[in-house]
Amino acid sequence: MAVRAVVFNLDGVLALPSVAGALVRTEEELALPRGFLDGVFKKGDLDGSILRVMKGEITFSQWVSLVEEDCRKHSEDSGITLPENFSINQVLRKAISERKINHPMLQAALALRKRGLTTCILTNNWLDDSTQRSCWTQLMCELKPHFDLLIESCRIGMAKPDPQIYKFVLDTLKASPSEVVFLDDLGSNLKPARDLGMVTILVRDSNVALQELEKVTGMQLLETAAPLPAPCHPSDVSHGYVQIKPGVRLHFVELGSGPAVCLCHGFPEGWFSWKYQIPALAQAGFRVLAVDLKGYGDSSAPPEIEEYSLEVLCKDMVTFLDKLGILQAVFIGHDWGGMLVWSMALFYPERVRAVASLNTPFQPADPSVPLMEKIKANPIFDYQLYFQEPGVAEAELEENLDRTFKSILRAHDEVFPIMHNVRKMGGLLVKAPKEPSLSKLMPEEDIQYYVQQFKKSGFRGPLNWYRNIDRNWKWSCKSAGRKILIPALMVTAEKDLVLTPEMSKSMEDWIPHLKRGHIKDCGHFTQIEKPTEVNRILVQWLDTDARDPPMAAKL
């Protein structure tokens, strides 16, 4: 019978190094007899405290106090002298804190799920009420989205190797034993499953185990392409609104806890363009606030052009923080969102914990040359001149929203030649197909989400961001001599045809402590096209530059 489901143990399979292995290493380091600690844990066998904690009858902290006493008695009875400061609690917490996701095994689970198999985590674990319980929480929050089911012994009152737990798994999966493969690092946990008729794989080495899994499933699992990060769906996050002033409110989505990180999107997008970053930054320990900027989605879209000047938009963001009770936030922007966050760093550095931009470089205002003159002199920005006349671009872009988003939101190697000679051609989408193919960047479901969002207010608000060029230049000239000395990151994308990496080459003159990231083979919509790389860069930077209380700016 064909395999329909694969069940993975957590410790020693999906997470390494295993706690059991840590106990063995502790015995070796302290010159304790092999199996001493395992004997302490298994004291009392079927009615022992280890079984009680795994079944959820007592909590981890209750169990540890019992085990500490059992360990002391066991050492005395065995004539073994333990170090004066020895603590089972410390041994376990160290082991748990050192566990990391076994990515080859997770990648295999993702490949199986993508091919239609049901995937499940089956783990013996406890109700963790310890001071370090966040380690367990973070591990599970990272793993859970990638699996169909999570079965924890402490939630169901059964623990491996009790045969009843395997029958529970089969009932939950609605599968017969021969349709299920079970991977565990302990032979004693595999035997009851095998006796029921499940296919079992003992995991000692991940590659060897995955080779066995390939044979059983008939699927290639080793050396497959790295999976995309888990995205969030609109229903996965909390939605909120902040009243900025009469008639104007900002919509945002929120996930996670910790230092606030405010994500600011570009044109023509919305909060949803950060769908890959929101879960990753939340799991990294941050309170993520992804905003529908003014004019977009569920935020207000006033018709007045001046409502979209950077000066007004920055004031809006300050009010946004005020009304949420946030003293400071990390601001991360892309495209027009990048312009906004650099302006926040220049004009409101006291509210900015750190600042990062994807693709959009910081370029200081030049009081001697109006910005409009520079735009007119660069053919690549001809589309911005096309956007100046109210109503013209709106009519073109709103005529067929499905075509608009399928034409614009594309990867670097599938873009249509729409950015040059826009005014001469008579529109932005003139050279785009009437029925564009679906981009590899996003499924049809995502395209339709953008379509529905832009049906609410259209393109007037988003295009008004482009209609404040002179107003923005005059305001920016007030900061002409300022440098940005707070923590800052610039991420460039190799194949962005408009915001090229070369445009950022002089940024260190104005941001002397700037950190950088660069993403190869990536076009304009960076956080969608290369989410794994973006997440890695952002999380690493946030951990080093935005985790601790902000430092004073330094020259």
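Contact means heavy atoms within 4.5 Å. I write that down before anything else.

**Entry: ground rules**

I am looking at a predicted model, where local features need pLDDT of at least 70, side-chain atom pairs count only at pLDDT 80 or more, and totals for chains, interfaces and linings use all residues. Residues are numbered from 1 along each chain as its sequence is written, and side-chain values use heavy atoms, with hydrogens and water left out.

**Entry: the whole chain**

I looked up the helices and strands: the chain has 24 helices and 15 strands. These are DSSP runs, numbered from the N terminus (helices are H or I, at least four residues; strands are E, at least two). The C-alpha trace spans about 85 × 55 × 40 Å along its principal axes. Of the 555 residues, 54% are buried. Buried means under 20% relative accessible area, exposed over 50%, and partly exposed in between (1.4 Å probe, protein chains only). I also checked contacts with a separation of 6 or more: 74% of them join residues 24 or more positions apart.

**Entry: α1 and α5**

Two packed helices are described by the angle between their axes and the distance between the axes. Axes are lines fitted to C-alpha atoms, for helices over the stretch in contact, and angles run from 0 to 180 degrees between N-to-C directions. Helix α1 (residues 19-29) packs on helix α5 (residues 88-98) at about 130°, with the axes 9 Å apart. That makes α1 oblique to α5. Angles under 35 degrees count as roughly parallel, over 145 as roughly antiparallel, 65 to 115 as roughly perpendicular, and the rest as oblique.

Which residues meet here? From α1 I list Val 19, Ala 22, Leu 23 and Thr 26; from α5, Val 91, Leu 92, Ala 95 and Ile 96. They divide into seven nonpolar, one polar and no charged. Ala, Val, Leu, Ile, Met, Phe, Trp, Tyr, Cys and Pro count as nonpolar, Asp, Glu, Lys and Arg as charged, and the others, Gly among them, as polar.

**Entry: Asn 9**

I found Asn 9 in the loop between β1 (5-8) and β2 (15-16). Is Asn 9 buried or exposed? Asn 9 counts as buried, because its relative accessibility is 5%. Its side chain makes a polar contact with the side chain of Asp 185 (3.3 Å). A polar contact is a pair of N or O atoms within 3.5 Å; within protein, one must be able to donate a hydrogen and the other to accept it, and residues adjacent in sequence count only if both atoms are side-chain atoms.
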